[in-house]
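Subject: Structure handover

Hello,

Here is the structure I promised you. Please open it first, then read my notes below.

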Amino acid sequence: MTENSSTRTTTSRRGAIRTLAGAAAGAATMPLWARYTHAQSAEPIRIGFQVHRTGIGAAYGRWYDRTTQAAVKLINEGGGINGRPVEIVAEDDGTDPKRGAEVVEKFANQHGCDIGFGTLFSHVVIGSAPRAGELKLPYFVVSEGHHVASGMLNRYTLQPGITDVKSQVQAMAPYVTQNLGKKVTMVFPDFAFGHDHRDFFTEAVKREGGEVLAHIAIPPAETSFTKYFPKIPRETEVLYHVMVGPAVLTFVKELGEFFGPQRPEMFGFIDSLEAVAMDSPGLEYLDGTYFWEGMPRHVQADQSDHDKFYRDAVGVDDRGASVSDPTDISTYAHMFGCWETLHVVKEAMETAGYAGPGDRAALVEAVEAMTDMPHSRAHPQGAKVFNGKTHQVFGHQYISRVEDGRLVKVHTTSIEDTYYPDEVDYTTRAL
Amino acid sequence: MSAARRSLALHGGLIALLFALQFVLPDYHHGNLARIMVLASYAVGYNILFGYTGLLSLGHALFFAAGMYGMGLTIQHLGFTPAPALVAGLVTGIVVSAGLALLALRTSGVAFMIVTLMFAQAGYLTILYFGEYTRGDEGFVIQQAERVLWGIDLSDPTNRYFAALILFAICLMTCLHLVQRPFGKTLVAVRENEERVRMLGYDTFAHKLGAMIVSGTISAAAGAVYGLLFGYVGASFASVQYSIFPLLWVLLGGAGTVLGPFIGTLFMFYLIDFSSGITTAYMLIAGVALVVLTLFAPQGLTGELRRRLWRWLP
């Protein structure tokens, strides 16, 4: 390869000026960097909200955002926390664990947030939690994952606003085996969330004297499901199904097409139909089937004042849709977790006399000391019991039956039904 | 000063600058730069195959993940300490890259892209399939106690920064050394005209094989170190977007330049970081910036610098 020296000479001067100009522009942004770094203010309580605005969790993220805004509005109208207003600093994590960890760093080191909050998808929680622990940033997740209570995470990661999948799944087994049938076939996504269902439910069904005939794992990114359904054994009495992701509606519709009028009893997790209208075409066959619900989406005959208050505050109608757009269905079975978590944070900060980041350890200890959380405006989903050792809350679970396109609550588990032996004691770890 | 000395001074100067920045950067940017240096090492590995050898791989996430899981699984299931776990990550990277190279190098051009993409996807699905050990998409945490290398706690910000700097310095200097040696010059010749190189009597397959193994191993080293420094191993790092990222970083920074991967990674990281503070459509801003750069600086930032100013840049 040869070089043209004359070209080099003529372009270098112009190039040098451009380089200098570029460097000057870069230098000019330095004060901006500093401003970002020191943007923390002593006044409001700053809550870093790690929100799934884009990526696979976007539908959940939108409703988590609305619920969070409604809870913060209520808390601020009631005088804030320790007399200080609450400010939400939202950052999109793209439902990605790497970006999630970066967002946690941003909360702690750039925005000067007091806590991090609001993460739903398990892989983002697990990817972000190590950084929260290292930065000693109390990290309140709203994820349902068993990761917190399993002992995988750290002292600074807590889940006080939503129950975990292990307790949910095992609490369903007695009802299913006693009322629907003892021979169960499970259909679930072939990744960690589905494996949790497979493992915990199979174990619980055995304890109840039932039997899981087959496990049918659906690979991720699958878009058509008909080829899996013939694997369902003929003697199946109950089909247990759970699915997440963009293809949930296709999954449920194809399941209906496969069975036609002759179907076994069906029990599903509402995750399969979160943010999907129950009266969508093709879902008529779901009448008479059962669903786990974290919180009943449709208004029930015995609706509590707390549910009514919460529903009005967030802007959700009787059928679980946005009051401003009936086609915009909420993720009602999960999003209460944001509301309840923020109220737990308020209570714990007030107990700990939280004044600033120096009191973060005291805040964690204050949450760990919590136990009973009565059914109230702060806990509209129902009463709960927090386990300070495992950093996990336990609460009632609901089973609904679809009747004329409505989810009608037919069973409420006790909180004790959801208990399992502690797998960790975070309080023994350093703060 | 000769070109070789100038380039040594420039690249050595960058490492010295990064060393000095450790003492002055605010916490947030300090943490970011540690992350950027590890990711830039990944991009340096990618650049050896794409920028210097002219082979466009869409499957480098496989190598990154091979290193990450080779390190993480041995800690998680075999109780390895970080040093042997890092070696395990590197060995996994060598084996996987050599295996894929032997198969994929039988093709070229678009077919090479598709074969590497497919193998990377197969690798991703393998991680999910063996969820019992890998915890599938959720991944697993490398606990703080397991991240202490020779008494040095890698979860400490300063230690993390220096560990990232050491990795980056090794990768950068390896790349610089490689491209100044006959082997590297032959790779460039293969990129420019493989037929002619073969006609001159070189074994181009052996050179491409070597390039792919070096590239894959550097990528695996970056993956292993990333998992160890940030305490998380997960399947998302094996997904297709992590094959696309190094391509974007290298294209932005300048393919076939030693500095380009670092510049590209730095630029892209802060582009996303700043734009996400302005709008939720931050990927749109990143996309527009990419299009503009491709239109007006098709050789990337460092490539433009070389074209206009520093012709001696390696």
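Predicted model: local features only at pLDDT ≥ 70, side-chain atom pairs only at ≥ 80, totals over all residues.

Residues are numbered from 1 along each chain as its sequence is written, while chains are lettered from A and ligands numbered from 1 in the order in which they are written.

**The helix pair**
H8(B) covers residues 182–199, and H9(B) covers residues 204–230. Helices (H or I, at least four residues) and strands (E, at least two) are DSSP runs, numbered from the N terminus. Residues of H8(B) in the contact include Phe183(B) and Leu187(B). H9(B) brings Ala211(B), among others. Contact means C-beta atoms, placed from the backbone, within 7 Å.

**Chain B as a whole**
Chain B has 13 helices and four strands. Its C-alpha atoms fill a box of roughly 50 × 45 × 40 Å, along the principal axes. Among contacts in chain B between residues at least 6 apart in sequence, 76% join residues at least 24 apart.

**Where the chains meet**
Chain A gives 34 residues to the contact, and chain B gives 25 residues. On the side of chain A that touches chain B, H5(A) supplies the largest share, eight residues.

Best wishes

Key. Contact = placed C-beta atoms within 7 Å. Axes fitted to C-alpha atoms, helices over the stretch in contact; angles between N-to-C directions.
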